[in-house]
Amino acid sequence: MSILKGKAAVVTGSTSGIGKGIAEQLAAEGADIMLNGFGDQKEIRQLEEDLARQYGVRVAYSDADMTKPDEIVAMIKKAESIFGAVDIVVNNAGIQHVCPIDEFPADRWDAVIAINLTSAFHTIKAALPMMKQKGWGRIINVASAHGLSASANKSAYVAAKHGIVGLTKAVALEVATQGITSNAICPGWVLTDLVRGQIEARAKSSGRSFEEEKKLLVAEKTPTQDFSTPEQIGKLAVFLCSDAASQMTGAPFSVDGGWMAQ
C-alpha cells in the first residue's frame with residue numbers, strides 16, 4: 001500500500017537534481033505533487049506526464065520565482081485549489097555562489113539568502129494553516145552539510161543553510177503538539193547540475209580533467225569517497241513523512257558519506 005496516498009506535496013526546485021529525486025519518491029508512495037522550478041518547458045511537461053502515468057498521482061507545476069513572496073503564496077494556493085490541501089512541503093530550491101567574502105557581490109548574497117532561506121519561510125507560513133486544520137503535516141527543509149559545518153568562499157550558502165537548520169528547529173517547537181513535524185535533510189556531495197558546475201570551474205582553474213576534479217572534490221570531505229544520490233535523499237524524505245517518523249522532529253539528518261563524523 002502506498003503510504004502517502006491521499007497526501008499532497010509541494011516540492012520547490014523539483015524540475016531537476018535533488019528536488020526531482022524527492023518528488024519522484026513521494027509520487028512513488030502515492031502523493032500528489034506540485035512541481036516547481038526552472039527549465040525547458042517541454043521537459044517539465046514530460047516530467048509531469050511521466051510521474052502521473054508511472055505512479056497514478058496528480059501532478060501540477062508552478063513556475064513561481066522563489067525570490068518573490070507573492071508568487072510563493074500563489075503556488076501554495078494553486079496546490080490547494082488543485083489537490084484540496086497541502087500536506088507536505090519540501091523546501092529544496094537553492095543556488096550557489098563561490099567567492100571570498102571581501103569580493104562577494106552583494107546581489108549574489110541577496111539572491112542566495114532569498115532562494116535558499118527566505119523562500120522556505122514563505123512556503124511554511126503559507127502552508128501551515130492547512131496543516132494545522134487537518135492536524136497533520138510534514139515540513140522537510142533540504143539544508144546541506146554546510147548547514148552543520150562551513151567551507152571557505154561559501155559565506156552566503158553556509159549562512160543560508162545554517163539558517164535553514166535553525167528555522168527547522170523553531171518551526172518544530174511551534175507545531176510540536178499539532179501532528180506536524182519539521183525536519184532538515186543535510187546532504188553532502190550529490191552530483192547535481194549545481195555541483196557539476198563547481199567541478200567544471202575547479203577543472204578550468206586547475207587544468208585537470210572533470211573526472212580528476214570530481215574524485216578530488218568528493219575525497220576532500222567524504223570518508224566513503226562517493227556521492228549521495230537524489231534517490232537516496234528522496235527515500236529519506238518519504239520516511240520522514242511516514243508514521244514511523246512521527247516522533248522525529250526538529251532534527252537535521254545527514255546524508256553525507258560520513259562528512260559530519262570527522
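The side chains of Arg 202 and Glu 213 meet in a salt bridge (a side-chain nitrogen of Lys or Arg within 4 Å of a carboxyl oxygen of Asp or Glu), at 3.0 Å from N to O. Arg 202 lies in helix 6 (residues 193-206) and Glu 213 in helix 7 (residues 210-221), so the pair ties together parts eleven residues apart in sequence; helices here are DSSP runs (H or I, at least four residues), numbered from the N terminus. This is a predicted model, where local features need pLDDT of at least 70, side-chain atom pairs count only at pLDDT 80 or more, and totals for chains, interfaces and linings use all residues. Residues are numbered from 1 along each chain as its sequence is written, and side-chain values use heavy atoms, leaving out hydrogens and water.

**Around Arg 202**
- Salt bridges with shared partners join Arg 202, Arg 208, Glu 213 and Glu 220 into one network.

**Within helix 2**
- Arg 45 and Glu 48 form a salt bridge at 3.7 Å, N to O.
- Both lie in helix 2 (residues 41-55), three residues apart, about one turn of the helix.
- Arg 45 is partly exposed at 48%, whereas Glu 48 is buried at 8%.

**Overall count**
- The whole structure has eight salt bridges.

Terms used
Helix = DSSP H or I, 4+ residues; strand = E, 2+ residues; numbered from the N terminus. Buried < 20%, exposed > 50% of the residue type's maximum accessible area, 1.4 Å probe, protein only.
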